[in-house]
Amino acid sequence: MTEESSRKNAEMLDRALDCLRRGRFQDAAGRLEKVFDAEPENPAAHHLAGLMHHQRGRAAEARRHLEQAVKGAPDNPEFHLDFGVVLGDLGRADDAIRHYRTALSLAPGTPAALANLGFALGDKGDYAQALDAFGQALSAEPGHIGAQLGFAHILGGLRAGHYSQELETALLRAFGLVHANHARLAAAAAHLLGLKYGLSQAVPGDSDIAPDIAKDALFEAFLTRCVNIDVRMEHFLTGLRRRLVLAAPGSHSADALKAAGLLGVQCFINEYIFFRQADETEAAARIKKRLEEALAAGAGVETLREPALIYAMHGPLGAVRGAGALAGLDSESLGPDLDRLVRLTVRDHLAEAALREKIETSGPITDATSQAVRAQYEENPYPRWLDAPAQQPASLSALLGGMFPHFTPPAFGPTLNILIAGSGTGQHVAHVARTHPQANILAIDLSKASIAYAMRMMEKLGLSNVRFMQADILEAAAIGGAFDMIQSVGVLHHMKDPLRGWRVLAGLLKPGGVFKLGLYSGRGRRHVREARSLIEAEGIESSADGIAAFRHKLLTEKPGGDLARIIETPDFFTTSMCRDLLFHVHEHHTTPKRIKRDLAQLGLEFIGFEQFEEAGINDAYRQAYPGDAALTDLDNWDAFEAAHGGFIDMYLLWCRKPE
Ligand SMILES: C[S@@+](CC[C@H](N)C(=O)[O-])C[C@H]1O[C@@H](n2cnc3c(N)ncnc32)[C@H](O)[C@@H]1O
């Protein structure tokens with residue numbers, strides 16, 4: 001090879017890389033072909049071809065090229081790293097780990113190699129080594145998204161047998177990571193705090209640990225960054241709140257007020273779900289009145305602080321007459337605890353009220369079921385969330401190829417058009433917007449309260465590629481447009497005729513476009529049906545009081561059988577989610593057989609179920625149906641689900657419109 005042709009190949013590779021970055025796969029492939037014609041073994045060309053196939057979701061071809069790249073340039077750490085990623089996607093965890101380790105021996109301390117190693121070790125159940133790898137990656141690059149997510153993910157799954165200072169330090173570190181999924185840490189943190197303070201025996205909250213809570217950084221992070229999903233912790237916190245609310249005015253120590261400030265945030269996040277007896281409700285009403293009178297009299301912040309911090313455990317300060325005055329005070333005079341509550345329950349509320357006025361609407365909502373569903377979500381927007389874990393941007397093809405190795409994704413254009421139908425308060429939207437930062441996203445929902453919440457959160461997260469609109473899916477044809485991907489999770493089953501809604505959305509999908517749908521499983525929601533029957537039989541209303549009463553009943557009666565599962569569901573622990581779970585105005589259930597029939601009616605092709613691989617369900621299915629390598633036979637899935645009694649309460653399924 002002459003120097004001149006080497007130079008030409010290098011230039012051609014640069015151009016191929018540029019095309020790849022812009023998502024122009026055909027052009028990249030054409031340039032790579034030219035290099036291969038001149039130099040079939042060129043390792044850099046094989047590396048790039050491997051990346052290209054990986055981005056297009058073609059793991060087998062990616063593996064072939066990356067194997068060549070590693071053979072041709074065994075000392076290149078990047079090639080080993082990328083080869084490891086593809087091997088991991090193909091389920092070859094041990095080989096992936098070997099290549100990550102080689103990459104690290106060639107380039108010690110590389111954060112990406114360490115993070116990938118952490119994920120692979122975590123998948124194999126080697127949690128200590130996984131944590132170590134993530135920890136090293138974070139030391140090298142504190143902002144590394146994958147390492148932050150992985151570190152918190154592994155920690156969230158750990159339950160110590162006894163209190164461990166080391167675990168506490170690690171949990172605190174994870175709560176401090178902005179990109180981590182803090183919700184994932186909730187159960188582990190509650191468990192460890194339970195061990196630390198002896199809360200494991202359903203402590204009624206009358207032991208005076210408020211001063212300890214006030215000084216405990218893990219308690220503070222736990223109460224203010226995630227929703228508690230631990231029943232014993234709930235008993236304890238409910239008792240603690242009761243004691244703080246019933247204490248005589250003026251008797252609270254500074255520590256007790258600090259603990260109340262933290263608990264107030266928890267109560268705001270869980271939408272005041274803790275059970276309260278009448279005497280506590282009356283005491284809270286008196287405190288609210290005292291606060292309103294003090295506000296009306298123009299009292300200073302020192303007079304307002306105690307009633308505000310105590311009342312905020314029972315309701316949002318935004319609902320207190322005259323609370324606008326609190327929003328006008330600066331952070332320094334409010335102090336950190338009251339300032340945080342004023343921001344969450346007054347300023348954010350005012351910001352949403354202003355955003356609400358700006359929401360585009362596609363026309364009146366006339367369908368009776370849509371009107372009832374809308375009313376529910378105007379009252380309880382779903383879900384209430386404070387932050388969202390980061391996402392690694394990824395090409396849609398690579399994601400699909402990674403999830404469904406037997407599916408060949410189409411070549412999507414460089415700018416995806418995405419519709420999120422039933423976007424709720426935007427948590428799901430944020431996930432999609434961060435995964436596809438170049439995409440144009442339209443998000444529609446019935447509820448303006450939900451959309452306003454979502455718009456505020458998009459602003460907070462700096463996500464500007466989403467447009468929101470109030471629209472009924474039934475009327476969405478009027479929106480027009482042709483989408484590469486439509487996602488509708490937890491939505492269609494709330495329509496009177498889900499197939500009708502699905503048909504409207506299918507009409508908006510481009511040929512070759514893909515759908516992600518979340519639909520309730522009839523078999524998987526047997527426990528919910530049982531709870532709903534009980535609620536109906538006892539005439540319990542879907543109001544906040546009704547929800548609290550029903551929860552109290554389950555928590556004190558501790559039923560067995562299917563109902564016991566309800567208490568283990570994270571959705572049981574906030575008002576909007578609990579209402580969604582057990583008190584929905586309208587819900588349908590389906591089965592794989594019915595999904596097959598619906599897909600046939602709509603002319604769509606099934607791609608697969610998203611969440612079954614990690615849950616180990618695919619492995620069990622493969623054993624039962626070795627002939628269905630693509631895992632797409634919905635009759636088999638139906639029989640499999642029936643045999644296993646329902647293993648998932650909502651299917652996350654992907655399908656496509658033929659080209
Ligand atoms: C359970 S929430 C799910 C929100 C979001 N997809 C998520 O997973 O977080 C259901 C949402 O669908 C919306 N929804 C229900 N029926 C709808 C319809 N016919 N048209 C538009 N949105 C609808 C509701 O207003 C609600 O915000």
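1. Helices (H or I, at least four residues) and strands (E, at least two) are here DSSP runs, numbered from the N terminus. The note concerns a predicted model. In that numbering, proline 383 falls in the loop between H21 and helix H22 (396–403). The peptide bond joining tyrosine 382 to proline 383 is cis, with omega about -15°.

2. As background to both points, most residues other than glycine have a negative phi, and most peptide bonds are trans.

3. The domain assignment divides the protein into domain 1 (3–156), domain 2 (198–355), domain 3 (368–522 + 589–656) and domain 4 (526–582). Taken over C-alpha atoms, the centres of domain 3 and domain 4 are 26 Å apart.

4. How much area do domain 3 and domain 4 bury between them? The value is about 1,000 Å², of which 41% is on carbon and sulfur atoms. On the side of domain 3, Gln376, Asn380 and Tyr382 lose the most area to domain 4, and together they account for 43% of what that side buries. Tyr382 is also a partner in the cis peptide bond with proline 383.

5. In terms of contacts, 14 residues of domain 3 meet nine residues of domain 4. Five residue pairs across this interface are in polar contact, both residues being at pLDDT 80 or more. Helix H21 (residues 368–379) makes the greatest contribution to the domain 3 side, with three residues. By class, that side of domain 3 comprises five nonpolar, six polar and three charged residues.

6. How many salt bridges are counted between domain 3 and domain 4? The count is one. Arginine 579 and glutamate 379 form a salt bridge in which the closest N and O atoms are 3.0 Å apart.

7. The structure as a whole holds 45 salt bridges. One of them links the side chains of lysine 215 and aspartate 255, at 2.8 Å from N to O. Because lysine 215 belongs to helix H12 (residues 210–215) and aspartate 255 to helix H15 (residues 254–269), the pair ties together parts that are 40 residues apart in sequence.

8. An open sheet of eight strands runs in the order E1-E4-E3-E2-E5-E6-E8-E7, with mixed pairing. Strand E1 (360–361) and strand E7 (605–609) are the edge strands, each pairing on one side only. In general, strands of a sheet pair through backbone hydrogen bonds, either parallel or antiparallel.

9. Which sense does the pairing of strand E6 and strand E8 take, parallel or antiparallel? Strand E6 (residues 509–520) and strand E8 (residues 650–656) are antiparallel, and seven bridges connect them. Arginine 656 in E8 stands opposite valine 514.

Note on methods: Residues numbered from 1 in each chain as written. Predicted model: local features only at pLDDT ≥ 70, side-chain atom pairs only at ≥ 80, totals over all residues. Heavy atoms only, no water. Domains from an automatic or database assignment. Contact = heavy atoms within 4.5 Å. Buried area = accessible area lost by both parts, 1.4 Å probe. Salt bridge = Lys/Arg side-chain N within 4 Å of Asp/Glu carboxyl O. Polar contact = N/O pair within 3.5 Å; in protein donor to acceptor, adjacent residues only side chain to side chain. Nonpolar A, V, L, I, M, F, W, Y, C, P; charged D, E, K, R; others polar. Pairing = 2+ DSSP bridges.
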